[in-house]
Amino acid sequence: MMLLSGDPPRSRVLTLVLVVIILALAATPFLFPGAKALNVAAKICVFAALVASYDLLLGYTGSVSFAHTMFYGIGSYAIAIALYGMGPNWAAVATGIVVGLPLAALLALAIGLFSLRVAAIFFAMITLAVASAFQVLASQLSWLTGGEDGRSFQLPELLRPGTVLVSKSLFGFEINGRILTFYLVFAVSALMILALLRVVNSPFGRVLQAIRENRFRAEALGFRTVFHLTYANCLAALVAAGAGILNALWLRYAGPDTSLSFSIMLDILLMVVIGGMGTIYGAIIGATIFILAQNYLQSLMGVASKAASEAGLPLLPGLLHPDRWLLWLGLLFIASVYFFPTGVVGRLRNGGGHKSAGASH
Amino acid sequence: MTDLLKLSGVHTHIGRYHILQGIDLAAPQGQVTMLLGRNGAGKTTTLRTIMGLWPASSGEITLGGERIESRATPDIAQRGVSYVPESMAVFSDLTVKENLVLAARDGPMDDKQLEWIFGFFPALRRFWLSRAGSLSGGQKQMLSIARAIIEPRKLLLIDEPTKGLAPAIVMALIECLKEIKRKGATILLVEQNFFAARELGDNVLVMDNGTIVHRGEMAALASDVPLQERLLGLSLEAHQ
Amino acid sequence: MTELAATDPLPKPKRDIAPILLPIALALVTIPLIGSPSTWLTLTAASLAMGMMIFIMASGLTLVFGLMDVLNFGHGAFIAVGAYIATLVFAPFAASVQADSLWVNLAVLAPAALLSMAVSGALGLVVERVLILPVYGQHLKQILMTTGGLIVAEQTLYALWGPQIIPMPLPTSLRGSFILGDVAIAKYRVLATLIGLAVFIAIQLVLNRTKLGLLIRAGVENREMVEALGYRIRRLFLGVFMTGSALAGLGGVMWALYREQVHASMSDELTVLIFVVVIIGGLGSIGGCFIGAILVALVANYGGFLVPKLALVSNILLMVAILMWRPRGLYAVTSR
Ligand SMILES: Nc1ncnc2c1ncn2[C@@H]1O[C@H](COP(=O)(O)OP(=O)(O)OP(=O)(O)O)[C@@H](O)[C@H]1O
Ligand SMILES: [Mg+2]
């Protein structure tokens, strides 16, 4: 309870699902052999934290930012550039963290201060424009970022797959540097999510919700909404950069496609909406569903597409082609905003009731 | 005397806030009904609810016997209701003329009606082709009222028209509203200026905390100073 | 009475001309920086053409924003759809496109543009009814729904046309340049500028000379009051939305011809540009949108020539600078 900051899942099914997800993630190295399963599990951890940080903005303050991948990218690139430039040692890891996190927070602060001056309705558009400029910048400054190719790097000795920590003869499992890295990712993600849970359940988090409900009312009550929103933005940016660091460490690579592209932004949006906005727990569910689907559903679509083309059906092969999986996701997205605005978590908490979250009118 | 407008048991929520908490009121045909009350009592919300700008969450609103509480704002307006909001809401990017062109939705403006309006508010003629945004506050108020009466309407909802006006203009405004009443319109008027209220009102309703706390004849309230003080606070006499 | 005497002169309506002077000043300042007058003229002409195309695409969006406070993040889809539809007309009439006769070329171009506008406009109808109406008045959901719509539209285009870039050659008579002394100005740019100007003038005439236009302008400023005067603004809005979508489609065709290629990702690239223009201009202001589009294009072209590296972020710098000066854009016409 302490750990969850007094905000338990509040639904038996939800608790069960969360426990299963977390146990499965924790036990992945032992339960599901093979690199793919471990990759998927690590990605779920990273994205759960990233999406939770986005939920702080979208779900708790109601502001839509399209710059979240920018912060994620800053974290990824900071660690990648440091390890690439300074060699695979812990000093480089520390440098990446010490540079990446403040940079993300400062940029978030700058955006926040800037949007102070301008009409609130511009916020989403401004973040989109800034993020796209940043993306262009990152691909153009290739001496620093490696351009379109990105930066591959080596991890410090301890975290390499070749480093055997506990040999197979002891428990029947080999625990190597790769598995250690996985648990590092797992633990840091979990810590960040718990920290976010604490933030949203603090008095500060309740002010954020008051602002989301009615900004003018909150202002009238004497809250400095701008301060709160900017602070939330910085926090979210910090966690996003943290997730970016984990992502780069896991992949041993940072590049535009894995850490900056607009499609990651869309993925985040989808995950947060599917999981349930304004719940933090939704991030874990959304990330799990989405990434499992991304990794396993696509192959299913390939099979279906082939079957459809063999059956000579028109159009269907093209629509079911694995590359078109975003199409179905987009439709799912619209449908969930429309029919299912509280996401999985909202549904489970309301016992499948039809209470809509659109009470903002 | 039939009631043109009747509200019974009207509740209005804005977001999660319960603002109107069961309003019963009637505006008798051809009379001026004053709606008084402290700041934040819910007067503006009442007018906006009648106009359909905030949806009533429960209760009944009838206009000439017809239920209107679930109708859209344009439908309500087309049934002969015009609204002068507290903020005046003139279209500042449009000229005075263009503001009135839009207000005359049934066709071209009637010249006689226009002359009649110019009689009360000569400034409108003078600034006919100026942007409404460049008018002074009082002139905007005149334009806002002119918009409401450029075509004959059954019911006028007017929110604090004298706010910020010079005494001379207030007098002209009072004359104008009396004249509108003589022409047969029904008026529901929110007013903080007790002098204006006394001059114009036939009936009076006093609101507090989203309910009606007093109803009666204006004359009775005007002559009962202790009642005024109890209902409206001490500030009102000072308002004159 | 404190009225003015009838003989007093009318107070002159104050016209806010600083924004209009801005692009002019920018153009003049760069003359010495660029050095060669002919290069400057070419760059300026290129900017005008680019600006006009962006204006055509952005005009509908700014009105939709201003009028109904609707954030449409899927506006870019209409651009791409317009461009793809035009390829449907171009492909079967490739011979007429290649023919070296302006009239034969136009006989393909005009129907292609009209068809694109019709399809984009019709798509606008669907989008408004399906994606925007259900979440009316809720910004967060509008952004989410229309972003979802953009993904679906893009992916559908990929599914139907394939992921490859489709070439869209300029008709023969529009290739080449007008040569005036040592200045070369591409013919197509002249055409694009003329079309953009025509659209601008047409919109201005409608907005200023018709009751419909008055309603739109009034609605941009205060939607509630327009409704309280008895006008059904939803219908008006649907009309504006469809017109805006159709114009985006037209802009898409023009942009595709300018780039001589079509790809669904053009909507992403242009969406950012259009947002910058709409923000710079001020939500709901057609005049601001027009100036904003020209400014963006000028900065992109001059910047690309003078400091190529900086050109990448020139839009953002421009946007920041303008918003520091005027936080609600060049012309703040909405009351929000
Ligand atoms: N948009 C809104 N959101 C939340 N609360 C509102 C909103 N508009 C009004 N209220 C609240 O409703 C209550 C009634 O407001 P209303 O404007 O009707 O009062 P009023 O009687 O017109 O006051 P005044 O004399 O100051 O004009 C107030 O407490 C106000 O804070
Ligand atoms: Mg009021």
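This is a predicted model: local features need pLDDT of at least 70, side-chain atom pairs count only at pLDDT 80 or more; totals for chains, interfaces and linings use all residues.

Colleague: Which helix gives the most residues to the side of chain A that touches chain C?
Modeller: Several helices of chain A each supply at least two residues, among them α4 (90-117), α13 (262-275) and α16 (325-339). The top contribution is 11 residues. These come from α5(A).

Colleague: How many nonpolar residues are on that side of chain A?
Modeller: The contact takes 41 residues from chain A. By class, 7 are polar and 3 are charged. The nonpolar count is 31.

Colleague: What area is buried between chain A and chain C?
Modeller: The size of an interface is often given as the accessible area lost when the parts come together. Here carbon and sulfur atoms give 83% of the buried area. R117(A), I121(A) and M125(A) supply 17% of what chain A buries against chain C, more than any other three residues. The area between the two chains is about 3700 Å².

Colleague: Which elements give two or more residues to the nonpolar patch on chain C?
Modeller: The patch lies on the surface and includes V29(C), L33(C), F305(C) and L306(C). Its residues have about 620 Å² of accessible area together. L306(C) sits in helix α12 of chain C. The elements are α1 (18-34) and α12 (286-306) of chain C.

Methods. Residues are numbered from 1 along each chain as its sequence is written. Chains are lettered from A and ligands numbered from 1 in the order in which they are written. Side-chain values use heavy atoms; hydrogens and water are left out. Contact means heavy atoms within 4.5 Å. Buried area is the accessible area (1.4 Å probe) that two parts lose on being put together, summed over both. Helices (H or I, at least four residues) and strands (E, at least two) are DSSP runs, numbered from the N terminus. Ala, Val, Leu, Ile, Met, Phe, Trp, Tyr, Cys and Pro count as nonpolar, Asp, Glu, Lys and Arg as charged, and the others, Gly among them, as polar. Patches are made of residues with over 30% relative accessible area and no salt bridge: like charges are joined within 9 Å, nonpolar side chains (Val, Leu, Ile, Met, Phe, Trp, Tyr) within 5 Å. Accessible areas come from the Shrake-Rupley method with a 1.4 Å probe; for residues, only the protein chains shown count as cover. A salt bridge is a side-chain nitrogen of Lys or Arg within 4 Å of a carboxyl oxygen of Asp or Glu.
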